[in-house]
Amino acid sequence: MSIETDHINYLIYRYLLESGFQHSSFTFGQESGIAHSTIATTHIPPGSLIAQMQRALNYVQAEINLSDEGLPADPKYLDEIAPLSLLESVQPSICEERRKDLWQKIQQNREAEALNNEKLGTVSLEIDNEHIQSFNGHSSAVFMCQWNPKYDSIATSAADGTARIWSMDKDKMQTPFVCLHPNDTDAQDVIGMDWSNDGDYLCTGYFDGHLRLWSGQDGELQQRLPGSNNSISRIKFSPNGQFIAAGDAGGTVMLWAMQSVKKLLSAICHEGSVLGLCWIGEDTFVTSGTDSIICKFGVKRPYVQDKLVGHSDEVNAVEWNSSLEMLASASDDKTVRLWSMDNTEAKHVIQHDDVVGCVAWNSAEATFHILASGCRDGNIRLVDGRRGVCTQTLEAHAAEVLCLQFSPNGRMLASGDAGCRIIIWDVETGNVLKTTMTEGVIYSVAWNADSTHLALTDSAGHVFVIDVETSV
């Protein structure tokens, strides 16, 4: 391969001409002699200079991804380093510094994985495949799973434009009821989903901004609830089933009365997306968002009644404890805050070492005061909600904890992470009971009512149910 000055000049000339710099291209063509050149240009496509620069940039990036021994980095680590800009790629010192940073992070991750594998103990902790039932049907990431409170079935929602209702009857497991949403949108994400407390209705929120009610028995569409112009991110039935509250990606909060199917509220209450929503009684609910604010709403007075201010960054989740009458919130500001609803200031602030993405209360009578929080650093903290202090840190995840839920009997905690691992913990001892890996990021976990089965979903489109009773 040879590089000639005339060839470089011609590509620069073409770039100037194609970019609309007519005077500059004319002057450059005259001064470089390109205007009188005999270079054969018939088959040179537009944008050739940019294309070649991009190839060169990719080559420099590939060199950074090589170790001192010339071995390539595992693709799963490549997100650890920011891509080079064009000007950075021509500065050897920056390229070498970037390469060293990458391999230092890779080494740290490998050491963390080795440490966590050591904490997980022997292979006997791995759940045998014979205890795991796979449900096939979704063609894209599955965001949520939730057990029906009345029937022995699971609902799942995914990025393929469907929600599915799976029966636990062995003869019907692989033939779910498919709740099909319109496919005339750019994306087909069904993110928000919730069962009514009597199990008769499944409500889904779709990318088109509308809610839909489906029969819990046969998956037939019962009602379409006009929503907003943004994707629905959160949905929750009220405890008595008389109302549905929802929030969308544009910060709009909505409320419907089930009996009349009348919209009681539709207002932009957050700057940015609604990230969390929960009911704190029969007629009161709260929402949280990317604006760091928690808003309180009433059914009788459907507007913002109070704002809980204290977080300094996105509030990712809110969860209510009816026994303690306390709200827990998890935030990117590395704190969990516990709120008594008679005060707009937090009662307790629990500091964490990293972003807190999820929280869950233990609902069992003997352990109702325990709160679990999941962090980006892979740690889970157990907090005594009565005193607002961390009593134990669970360390076994090597990646960000994205979801967690206590078993209804209060004895176990299930957690899933961005590294495709699911862990079942003993709440009393903090030990790992069982663990397994999937092919995708774990998006959700859900226990059935008697704590014998655990459902989980992942980014690879999988739905699994673990028979905990026989495997733990």
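This is a predicted model: local features need pLDDT of at least 70, side-chain atom pairs count only at pLDDT 80 or more; totals for chains, interfaces and linings use all residues.
Residues are numbered from 1 along each chain as its sequence is written. Local features need pLDDT of at least 70, side-chain atom pairs count only at pLDDT 80 or more, totals for chains, interfaces and linings use all residues, and side-chain values use heavy atoms, without hydrogens and water.

The protein contains six helices and 32 strands, taken as DSSP runs numbered from the N terminus (helices H or I, at least four residues; strands E, at least two). Of its 472 residues, 50% are buried, that is, under 20% relative accessible area with a 1.4 Å probe, protein chains only.

Helix 1 (residues 5–18) and helix 2 (residues 22–32) have axes that come within 8 Å and cross at roughly 165°; the axes are lines fitted to C-alpha atoms over the stretch in contact, with angles from 0 to 180 degrees between N-to-C directions. The two helices are therefore roughly antiparallel to each other (angles over 145 degrees). Asn9, Ile12, Tyr13, Leu16 and Leu17 of helix 1 and Ser24, Ser25, Phe28, Gly29 and Ser32 of helix 2 make the contact (heavy atoms within 4.5 Å).

The largest nonpolar core has 17 residues; such a core is a set of buried Ala, Val, Leu, Ile, Met, Phe, Trp, Tyr and Cys residues joined through side-chain atoms within 4.5 Å. Strand 26 (401–406) is one of the strands that each supply at least two residues of this core, and strand 26 gives the most, with three. Leu404 is among the residues with the most contacts inside the core. Residues touched by Leu404 include Ala372, Ile380 and Leu413, not counting residues up to four places away in sequence.

How values were computed. Angles under 35 degrees count as roughly parallel, over 145 as roughly antiparallel, 65 to 115 as roughly perpendicular and the rest as oblique.
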